[in-house]
Amino acid sequence: MQYWRGVKQTTKETAKLADNDVYFESRGRPGPARKLDLSQELLLTLMRLRLGLLMDDLAFRFIISFPTASSIFITWIKLMSKELSVLIIWPSRAQVRRTLPACFKALYPKVRCIIDCFECFTEKPSGLDVAAALWSDYKHHYTFKVLVGRTPNGAISYVSPAYGGRASDVFIVRDSGFLSMIELYDQIMADRGFKIREDLMMSLATLAIPPSCASSMQMLPADVRKTSNIANVRIYVEQAIGRLKVFRILKHEMPITQLQIVDDIVRVCCALCNFLPSLCDEIN
C-alpha cells in the first residue's frame with residue numbers, strides 16, 4: 001500500500017516504487033514500521049465516516065500524529081473507493097422488476113431508478129471563485145451536491161461526481177452522464193425540481209414526478225391521486241436517503257482541505273449502504 005503524502009510526494013514515490021519492484025519484493029518495505037496495523041487503520045477510517053470525528057480526535061484516540069492520521073484516512077478512502085465501486089451496480093431491467101416492492105408493482109411497475117440530489121455543507125472557502133461555485137441559494141450555505149440513483153428496493157445504483165451547490169439538479173443530471181444509462185421505455189421517478197422530461201424523451205423514457213399547480217388554483221382530482229400514489233412509494237426513497245445520512249461525515253461541515261476526496265468519500269458511503277438488507281425487508 002502506497003500511503004498518501006500529498007500529490008507531488010506521492011507521485012514521486014509511486015514512480016520510484018515502479019522503478020525498483022525487484023528491490024522491494026526482495027527486501028520488503030523500507031523505513032520504520034507503521035504505527036498502526038491494517039485493522040486499526042481501517043477502524044480509524046470507518047470511525048471518521050460513521051461518527052464524523054475530527055482528525056485531531058482520531059489522532060489522540062490512536063496515539064498518532066495529526067499528519068499520520070490524515071495520511072491514513074486519505075489512503076484508505078482512495079483504496080476503498082476503488083475496491084468497493086463494484087458494489088454500485090446499474091442493474092438490468094429484469095433484475096429491477098424481480099425485486100420490485102408490492103406498492104411499485106401496483107402503481108409504477110416500469111420504474112427503473114429513483115433519482116435525488118443531496119447537499120452537504122462545507123466550510124467557507126477563501127477563494128472567491130470557489131465560494132461562488134459552492135454557494136447554495138436553497139440552503140443559504142456553502143455546499144456540494146451529488147446525484148444519487150436508487151432502485152425501487154433501495155439499493156444505490158448510480159452516484160455522480162460532486163458538484164458545487166450552485167449547480168442545479170437539471171444541470172447535474174445532464175452533465176454527470178446519468179442520461180446515458182437510460183434505456184428505451186424506462187421510467188425515472190424524481191421530485192418536482194427535475195425538469196428532464198424532454199431529455200428522457202430522447203430515449204423514449206418517461207418521468208414520474210408529483211404534479212404541480214399554480215398557487216391560486218386548486219389541484220385537479222387526477223393530480224391529487226397521482227400525488228398520493230407517488231407519496232405512497234416515496235417512503236422507500238426517504239428510507240434510502242436516511243441510510244446515507246447515517247454517516248455523520250456527510251452531516252457535518254466538510255473541511256475545504258478534503259474537497260479533493262469528496263467524490264471518494266461519497267462513493268464509499270454509498271457502497272457501504274449497499275451492504276445493508278433490502279428496504280423491503282425492513283419496512284415490511
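Predicted model: local features only at pLDDT ≥ 70, side-chain atom pairs only at ≥ 80, totals over all residues.
Reader: Which element gives the most residues to the lining of the largest pocket?

Author: The largest pocket has a volume of about 470 Å³ and is lined by 19 residues. The one that gives the most, with 6 residues, is strand 1.

Reader: How many residues of this lining are nonpolar, polar and charged?

Author: Lying nearest the centre of the pocket are Cys117, Phe118, Glu119, Tyr138 and Lys139. Glu and Lys count as charged, whereas Cys, Phe and Tyr count as nonpolar. Over the whole lining, the division is 9 nonpolar, 1 polar and 9 charged.

Reader: What covers the buried residues of helix 5?

Author: Helix 5 comprises residues 66-84 and reaches 26 Å from its first C-alpha to its last, close to the 27 Å expected. Its buried residues include Phe73, Trp76 and Leu84. Their cover includes helix 3 (38-51), helix 4 (55-61) and helix 12 (262-273).

Reader: Which element gives the most to the largest nonpolar core?

Author: This core has 43 residues, and Phe73, Leu250, Ile265 and Val266 are among those that touch the most other members. Helix 3, helix 5 and strand 4 (156-159) are among the elements that give two or more residues to the core. The element that gives the most, with 9 residues, is helix 12.

Reader: Which residues does Leu250 touch, not counting those up to four places away in sequence?

Author: Leu250 is one of the 43 residues in the largest nonpolar core. With those sequence neighbours left out, Leu250 touches Phe118, Cys120, Leu244, Ile265, Val266 and Cys269.

Note on methods:
Residues numbered from 1 in each chain as written. Heavy atoms only, no water. 1 Å grid on protein atoms, 1.4 Å probe; cavity = no way out; pocket = protein on both sides within 12 Å on 5 of 7 lines; lining within 4 Å. Points joined across faces, edges and corners; volume = space filled by probe spheres on them. Helix = DSSP H or I, 4+ residues; strand = E, 2+ residues; numbered from the N terminus. Expected span 1.5 Å × (residues − 1). Buried < 20%, exposed > 50% of the residue type's maximum accessible area, 1.4 Å probe, protein only. Contact = heavy atoms within 4.5 Å. Core = buried A, V, L, I, M, F, W, Y, C linked by side-chain atoms within 4.5 Å.
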